[in-house]
Structure formats: structure tokens, C-alpha cells
Amino acid sequence: MPELIAKSALHGQAPKVALGTTLSEGVVEKMVSVAPYPGRGAAVDAVLGALGLRFPAAGEAVAAGDVRLIWVGRGMAFLLGADAPAGLAEHAALTDQADGWAVLRIAGPVAVDALMRPFPVDLRAAAFPVGKVARVPLNHMQAVLCRTGEDAFEIMVFRSMARTAWHEIAEAMDVLEARARAS
Amino acid sequence: MRLEGKGLVDRGAPVSFTFDGRSYMGFAGDTLASALLANDVRLVGRSFKYHRPRGILTAGSEEPNALVEVVEGNQQTPNVRATVQEVFDGLVARSQNRFPSLSFDVMGVNDLLSPFFSAGFYYKTFMWPRPFWEKLYEPLIRRAAGLGRLSGRHDEAQYEKAWAFCDVLVIGSGPAGLMAALTAAQAGADVILAEEDARMGGRLLSENCRVDGQPGADWAEAVLDELRGMPNVRLMARTTVTGAYDDGTFGALERVGLHRAPAPHLPRECFWRIVAGQAVLAAGALERAVGFPDNDRPGIMLASAVRSYLHRYGVVAGQRVAVLANNDGARATARDLMAAGVKVVGILDTRPDASAVEDCPVYLNAQVTGTAGRTGLRSVSFRHAGGAAVLEVDLLAVSGGWNPTVHLTCHMNGRPLWREDIAAFVPSPGAVPRLTAAGACNGAFSTAGCLREGRDAALVALAALGRAASDVALPVAEDAPYAITPFWETPGVEGRQWLDFANDVTTKDVKLSAQENFRSVEHMKRYTTQGMAPDQGKNSNVAALAVLADATGRGIPQTGTTTFRPPFVPTSIAAMGAGGRGAGFAPQRFLTSDQASRDRGAPMIEAGLWYRPSYFPKPGEATWLESCNREVLMVRESVGVADVSTLGKIDIQGRDAARFLDLVYTNTFSTLPVGRVRYGLMLREDGHVLDDGTTARLGEQHYLMTTTTAAAGLVMRHLDFVHQAFCADWDVRFVSVTEGWAQFAVAGPKARELLATLLGEVPALPFMGVADVALGSVKGRLFRISFSGEEGYEIAVPTRHGEALFRDLLARAETMGGGPYGMEALNVLRIEKGFITHAEIHGRTTAFDIGMEKMVSAKKDCIGKAAAARPGMVGPEREQLVGLKATGAMTAGAHLFVPGERVHRETDQGYVTSVCWSPVMGAHLALGFLKNGRARHGERVRVVDHLRKIDVVAEVCDPVFHDREGVKLRA
């Protein structure tokens, strides 16, 4: 059997640049959902400690180097950039999520303005600092929004909706560019 | 007429625009209204009902008369207020509700017939015969009355919606708003200052006033400069706050591209949702008119508007001006005009005790008894303390006092309070939580009062936010008391005194309403239509209820106001629903096989937001049915491939996973061996079927549930509910993996042969088995399950490999004489096999109804079990799943009757849920529900669909038409 070709959700999509801000598709090689069983919080933290991580609080992303653990909902986080450490499956349900999500990245001076069109969320630095994560609707899609830098964000949506998600954010950037040109 | 050296328009930037086909010049900074007045155009519209000639009354968004159509390509926007629309090069505007032209409108005959058209006329006159109202009277009346016209085309222009968050939202940028914004901003709060006008400054731009010794407009500009330099301040001009909602949320409409030529991606409007910790309402006040005969002629204008046109735009709308007022404030109009060299022929003051000292004649106790000039004011007749007189004037500035703009404070059911001293309604404090009203909208009518209240409101907001206030000095400004004696209408005169210009309502209509016993202000509004036009009564509400109060012998506070509701200004649905038109209405979900299916010309249909191939046409096939028939026979005789990735997939793990499944499914999963799959049925708490699907046991503590496509989200929500509500402490966790796996059905007698070429060796799977498989280095799963009735497999790989596998499977299938099949064939195959979908489990059917009551385990409890056993949920009176076979086509939605019986709701025996033409059986098949149906196999029923004119006789049979013993799928 020859190897099956792998394709990302937005395969071939060129980055979009407007007003010094870039929207691009991110790559997810490894992503596993971690859902600790009841009463196993300390045990989970002990295992994660080996990676320099702990289970994140609601709305939080914790990182150690390139390995990140992002809160995504009640009692669940996604581990990115590493395989689940040995022993974690004893205390938490682990499920591969790498193929289920599309990741979009946006970085630049109008990233906040562009995102505050489709996302009904306060992205002022004080309310949504670096490392903050939220489950928020991206118009009619459920998304995970994470601030990765002062002007940089990561957006995750279900893979099948990647094109719509791209369109919504790209349109917001187009509109901001047209506004800037007009003023 | 434009005055040299006056106004804030940019004289260095002339612009050209057209109105009713004629070309005019204006300047950047002009509104259409000011530019038309500068060009001496006074007649701009026809009234709604009587087609009376109308001019410009105001200088703001409350304008009731000057409504025009703005034309843009093949689109036109009706009811644009000329007082809001800014002029730009290439603007095309035209008047509306006139034929053939604005100056000669044949429908003006309505005005001569007006004695017949008083309020309530239509209701009384056109009652009989009743069907005529809808078919004849209403269309005729609507054609005669009316405002602008729509293009009739989709509005494909760009619109935008956006969110904004701040600590303090300041609504309005007059003296109160500027002081509030400055005070809050200097304390470090995040401030949004929203202003409806294109230019900030409010009345400071329209009055001859001084603040801290500077002209008001200069002071405003200096404050704005300071605000612009602060990173915590956002200035939003051309943005009208339209509504106040819960939790400090406000709606706001920004005019983004309406004041310039269209450009790619430039939105026409943006609808903002602004969430504010605190808000300061500094929306100002609206001047009100006075009732006198024929007070609606072009050339009769609010006194404040006359000053706006003078100071803001350097325009006067006439050569000989008179002022009619009941308050001191309007005197400024006469003084400012005279200072600008305009002839003021007199001030008509309705008060007997006002000062008569001015540089022009002052007539006290004056009442206008009539006006002349059909398309433009020529003269005013009036009586006064010294007798009666006629003044030749072409502009009459009118002031009946001011109404604070209380609207937003009423959006959460607050009622304004009447203040006798200023004869006006003011906001009731606390009517909108976290909002403080300041300045003229709070009844403070002096500049100094506005500045002070603005600052104080910001201090209130800062205190509530827990912020230390900065020390902001109050500028010095005029602080004259507001002296007014109410004057609503002129007593003892003939002729119509207009209240609601936009809807052609007179004082007489209001009195008639009271006389007909519509005495409540809300009833008066409905009876007369006062306040129901685009201006929503901004110009007329208070005067109308004053007249009503008088007519009913009550006071104004007892009469009360009607309810002010959002939006404050007309707001386009296109802006509120920006991006939601056409494909933007909902997310689109695409399969990994999407491009491969489209490459083969498959029409896509949407199912649960997914786009799925309907059928795969081959050359020579003229209809979908031909393709569908071929695909069905292909699966029955050879092999077919279909993308079934849309089915919901839920990964369930934990020591209590089996226990959890036993609770949510009617049947038992704890006994399912590892490596096997079981069909499961799920009930709602009320005992009706929620969903069905297969669940595989991948490990001792690891299951994979599949759901139907349509109910994937619903089932996930149900599991979350059951888990959180009934067994939160169980050792079970689950997460959706629907999107993580691309899964393809391979079905037909040659299915195993096809898979053998792909996998080398097909695991020896029994029917309803599952195994891990390897495709090169890719790990996949192979299920032996069938939704077609043939030997069937579903092969799943991580989604990133989906497209490659689909194309590979198709190539192999086609080499073997098979190929892809779409939703149509999939549906026929499952109907032939009697498999249900949500067409059958539509929310009102039970396990008993679909013949699966034996699947409700007697050995354990499950969600919905008790409710499903209630009386009436089982028994012969229930409509039960049956198959129907006929020689003529049936339709889903048709109802079933006993042949020979009357076709009537009371003799209804059931209904059809799914239909198809079966190329295998050579017959029309259907699934449906028939009363006591399982006992009636072999009977004949009449299938009737009145909507689609279907009336055929069908044979009732078992719902499984194909391979009833299941030999083929177990092969």
C-alpha cells in the first residue's frame, strides 16, 4: 500500500496580509485531549509536572517550551506539541484531536480589531492577556481563541468549518483595510 | 443661500451632486439638506398621506419631512434623511412619493379630499365587503400613500458588525458629552465617545456661544484634540447609539461608507454592540414645533435648525425671516440672523409677559392664524396683543420649547418624568442600570449646566467603577435660565394644525381620537398613527399627548407617553445581520471528499451544514433518478463507495463507560465484547426516540459511539446533560471525534474484494465487528456494518488522509465495475432495507412505534424508560411503522386513509415519512406510520397528499422490503 497523502484543512491557502497583519493556517502535528477522571487532579498534575506543565484553570493556557496545554472546556484541555506522557492515561481520558481541528493564526497590529468583528469577546489587553484562552462563538461556529502574543492569536475551529472561519476573519481584515484606505 | 464667512464647511472642497436629476454644488461638510438650502431648494418631499409639499424642518436625524431616495448603481435606499446624508461628489438623490414630479404631484388631490381622510377613515369606510380590504382597498391605499421605494433586488453591498468594550460609554458629544468623556478619560478609564453627527461638538457647532472665552466650536475642537491624543479614548463619529440592552450592552449604527462613493469592501454601515461598564447619556434635546394652521409649509423650520444652518453650514433658508416662539432661547435665532445681515421682520412671542426689547419688532401674545405659499412660505398671518397683521416672510423659525432626548432611558421599560418648570419629560433616574443622563437630555438647557452635569455624570461613573477621579476644571459658559410658557396649538382658528408631519396627523385627529373614546395615549397613537412614521414621533409625541391631555381633561403627567423602543433611528436589517446573507447565513462544513465529488459533477445538498453529494451523474444520464437507479443497482450487484464522515462520533472512556452507555441506551452495552459493534437506541427523558446509531467497543473501558448526522450535536448535549445531572461522579469522560476521522462506506457483494486490494488482507470480521487496520503507516479502523442491506464495511482514517483514501477507493471501485454513490441512492438503499432515519424518528415516535420495543431492556433502567411505559405510549391506538408499496408515486407528508372512507382529519389513519422508487423491486416504496399498522400487513390504504395532488392506493407491508432475513449483510 503506497502512503496516503495528508492534507491540512486549508491545504494550499496562501497567508492573507492586510494592514501589516497576517492570517495564516497553523500546523497541528500532535494534539490530544486530556480529561482527568474525578478526583484525579493531583495525580494528573504530578504526571504533567514531568513536562513542566500542570492542568490549566478555566480560560488558561500553560506552556513549557513548545509544549502547551490549553483549557478547552469543562474538565478538558488539549495537549499540543507532545505525546501524552506515560502514565497519564491512568488518570485521564486521552483522545487524539490532531485531525479534528483547523488552526488559524493571526498576528499584527489590527489582529484585535479584526477578531472583534466576528468574536463577541473583550480582547482588550487587560481583559484578555497573553495566555488567556476562551471558548467563544466565531459568528455561528464554536471556536477556541487563544492569545499567544501581544498582537497574536490562535483560533481553532472544527476542521470541516475551516473555510468559513477563514472567510469570516479575512472579510473582517478586508473591511478594516477598506476603512483605513477611506479615512 | 450661502453666507460668506459663516459656517464650518470646507469652502476649499466643493462637491457636485444631483437631486431629482439636477446638478448642484455643495461643500465638504454639508448635509444634503444644507446644500439644498444653500442652492435655494426649499421643496424636497411630499407628505405620506396627503402629498402635501414639504421642506426641511430640522437639522438632525429626527427629520420628518426631508426623506429622499439615494441611488447607488442598481440599488436605491429609501427614506434617507437629507439632514443626515452628507454630500459627496457623485451623490445621486431624488425625492419620493410624488408623481409625475415633486412640484406637480397628481396625488396632491388627496389633500383636497382631506375632509374625508381623517383618522380612522379607512377602518370605517373600507370594512365591507370584507375580502375587498386585502385584495382591493389596501393595495390602492398603499399605492397612494407611502414613502420611498426599494430596488426589489438583493442588497449585495458590504455591511459590517462589530463588538466594542469600554469602561465608560459617552453617548453624544455636545458640551455634556465632551466634559464627561474628558473627565472619564483623564482618570484613565477606557472611553468610547459616540456621536451621531459626522462632526463632534453637538450644539456647540450650531450656536453662537462661548466656552472659556473661546467660540464653542473652538473649545470643542480643543477638547477633541486632547481626547484624540489619549490611547484610552475611542472617538466614534457618525455612530448613533440605537438601543440600551441588558448588562450595559448598547446597539449602535455607524455610517461608514454612506458619505462617500462606494469602494470595494468598504461597508455602508456597521452595527456595533458596545458593552460598557458605565454609560453617560448626553444625547441632548430636540426642539419641538408649535401648532398653527398650515404649519407644515416649506420655509417653516425649527428655530434651532435655522441657527444650525447659519452657524454650522453658513446657510440661511430665506431672505425675510420671522421667529415664532414660546421661550427665551429662540430669541438667539433672531439676534444671530440679524448679526449675519439677514432681515428679521419680527418675533412673534406667544407669551403675553415676555420682553419686547430686541433689535426687531416683537409681537407679544402672538398667535399665527394662517400661512400662505403652497410650495414655499410667502406670508404669515397672526394676531397679537396689539391686533392682527400679515408679514411677508419666506422663512419662519419656530420654537415650542425642547424635549430632552430621553429615548434610551426608556428602552428597559423606564418611564420619563414630567417637569413642569421646563414643560418637558426628563429621564427617571436609574431607568437603565449603570447609565447616567447628563445635560440637555436630563433637562439642563444652559451650556454651563450641560458642562457641569457632564462632568458630574462621569464622576458618578468613575466612582461606580472604583476609579479615582481626576480634577477637571469646569469651563465658564452662559448659564441663562430657561424661560418657557407651554404653547401647543392655536385656539379658535380654522385650518389644520399639523403635529406629526411624517404621518400627516393633525391636532384635530388627536381630538377625534379622544372623542371616539380612544383616550389612552397608546390607543390614540394606533388610532391616528401619530408617532408611527420613520421619526417615531420624535417631533410630535409630546405635543400630541399635550393635545390629548387637554381633550381628555387630564394633565400631561397623567396622560403619560407611549413607549419608546429601540432602535432610536431607522436601522437597516442589512447592518444588524451583516455577513448573514446567502452563504453567510450559516457555516459551511466540507468533507475531505468534497473536491473529488465536485470533480465528478455531483450536485451537493446541505445536510446538517455539511455539503454532501446528491448523486454522481454519468454521461447520458438526463435526470437524477437515472443516476440514482444506477447507483442503487451498482451497490446491490457490485460495490459502491460513499463518504459517511458526517455521522457524529463520540469517544467514550473510563471505568464507568459501559455503565454510562447502559444508562443512555435502551439496550445493553456492558455485555458487548471488545471488537464488536452494537446498534443502539436512545430515548429522550419523555420516552420518545432521540437518536439511533452503532457503538463499538474498542477496549474494556473504551467505546466509540456514532450518531446520526443531524443529531450529532443534540446527542452530545444529551450526554453532557445526563452526565452532569445524574452521574457527575462516575469515572467516564467523552469528547467528540466526528471531525477527527474520515469514514467511507464500502458496500456491495464485491466490498470485501475491494478492501482486499487495499489492505492486502481483510481482517476476518463477523457482521458487526471492528478491527484496527494499517494503510501503509496510517492507522485506521475497519467496521463491518451496513446501512444498505448489502455486505458493508466502513473504513476510517485520520481526517488528513481522507481525500487520498476516498480517491483511492473510487479508483478501485470503478476498476471493479462499481463507483461512488450519493445521498439519493443511500436513501433508496435504506428504505428498501427498512432502516429508519430522522424522517421516522422525528421526535414524536416511540420505540414501540418503530417496532423496537424489544430493544428496551427489561433488565436495567435507562433514560426515558419509565416515560415510554406511560399509558398511551404503547398499544394498538399508536401509529406504527409500516412499509407501503404502490404502483404510483407517493410523497412524504401524505396521509393515510381506509379506501372508501371519507378523507377527513377524523378518519386519518397515519402518514408517510420516506418514499422512493425502488429499481430493485420495480415499485414505489414508502415508510410510514399507520394506526395499529403491524397488525394490518396485507391491507390496502389510500395515500392522499392534497398539497401535491397525490391520491394512490398502496399495500401495507413489513418495512423491510429487501433481504428480510439479513443473509446478504451477514455473507
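In strand E20 of chain B, B:Tyr363 is the bridge partner of B:Leu348. Strand E19 (residues 343-349) of chain B pairs with E20(B) in the parallel sense, over two bridges. The model is predicted. Chain B has 971 residues, of which 54% count as buried, and 43 residues of chain A are in contact with 47 residues of chain B.

**The sheet around E20(B)**

- E20(B) belongs to an open sheet of five strands of chain B, in the order E17-E24-E18-E19-E20, with parallel pairing.
- Strand E17 (300-302) and strand E20 (362-363) of chain B are the edge strands, each pairing on one side only.
- Strands of a sheet pair through backbone hydrogen bonds, in either a parallel or an antiparallel sense.

**Chain B as a whole**

- The secondary structure of chain B comes to 22 helices and 50 strands.
- The C-alpha trace of chain B spans about 110 × 70 × 55 Å along its principal axes.
- Among contacts in chain B with a separation of 6 or more, 66% are between residues 24 or more positions apart.

**Residues 495-579 of chain B**

- UniProt, in an unreviewed entry, lists residues 495-579 of chain B as "domain: SoxA A3".
- This span is 44% helix and 6% strand, and its end C-alpha atoms lie 50 Å apart.

**Helix H12 of chain B**

- Helix H12 of chain B covers residues 541-552, and its 12 residues should span 16 Å at 1.5 Å a residue; the end C-alpha atoms are 16 Å apart, which agrees.
- H12(B) is largely enclosed by the rest of the structure, because 10 of its 12 residues are buried.
- The buried residues of H12(B) include B:Asn541, B:Val542, B:Leu545, B:Leu548 and B:Thr552.
- The strands against which the buried residues of H12(B) pack are E25 (402-404), E27 (424-426) and E29 (498-500) of chain B.
- Those buried residues also pack against helix H10 (507-515), helix H11 (521-528) and helix H13 (556-559) of chain B.

- The domain assignment of chain A gives domain 1 (17-27 + 99-182) and domain 2 (31-96).
- Taken over C-alpha atoms, the centres of domain 1 and domain 2 of chain A are 25 Å apart.
- Eight residues from domain 1 of chain A and eight residues from domain 2 of chain A take part in the contact.
- On the side of domain 1 of chain A that touches domain 2 of chain A, strand E9 (133-138) and strand E10 (141-149) of chain A are the elements that give two or more residues.
- E9(A) gives the most to that side, with three residues.
- The residues on that side of domain 1 of chain A divide into five nonpolar, one polar and two charged.

**Where chain A meets chain B**

- The contact between the chains involves 43 residues of chain A and 47 residues of chain B.
- Strand E3 (31-36), strand E7 (92-96) and helix H3 (162-182) of chain A are the elements that give two or more residues to the side of chain A that touches chain B.
- H3(A) gives the most to this side, with 10 residues.
- The side of chain A that touches chain B has, by class, 20 nonpolar, nine polar and 14 charged residues.

Notes:
Residues are numbered from 1 along each chain as its sequence is written. Chains are lettered from A and ligands numbered from 1 in the order in which they are written. This is a predicted model: local features need pLDDT of at least 70, side-chain atom pairs count only at pLDDT 80 or more; totals for chains, interfaces and linings use all residues. UniProt positions are given in the numbering used here, feature names are shortened, and annotations may be inferred rather than shown by experiment. Helices (H or I, at least four residues) and strands (E, at least two) are DSSP runs, numbered from the N terminus. The expected span of a helix is 1.5 Å times one less than its number of residues. A residue is buried if 20 or more other C-beta atoms lie within 10 Å of its own, exposed if 12 or fewer, and partly exposed in between; C-beta atoms are placed from the backbone. Two residues are in contact if their C-beta atoms, placed from the backbone, lie within 7 Å. Domain bounds come from an automatic or database domain assignment. Ala, Val, Leu, Ile, Met, Phe, Trp, Tyr, Cys and Pro count as nonpolar, Asp, Glu, Lys and Arg as charged, and the others, Gly among them, as polar. Two strands pair if DSSP finds at least two bridges between them.
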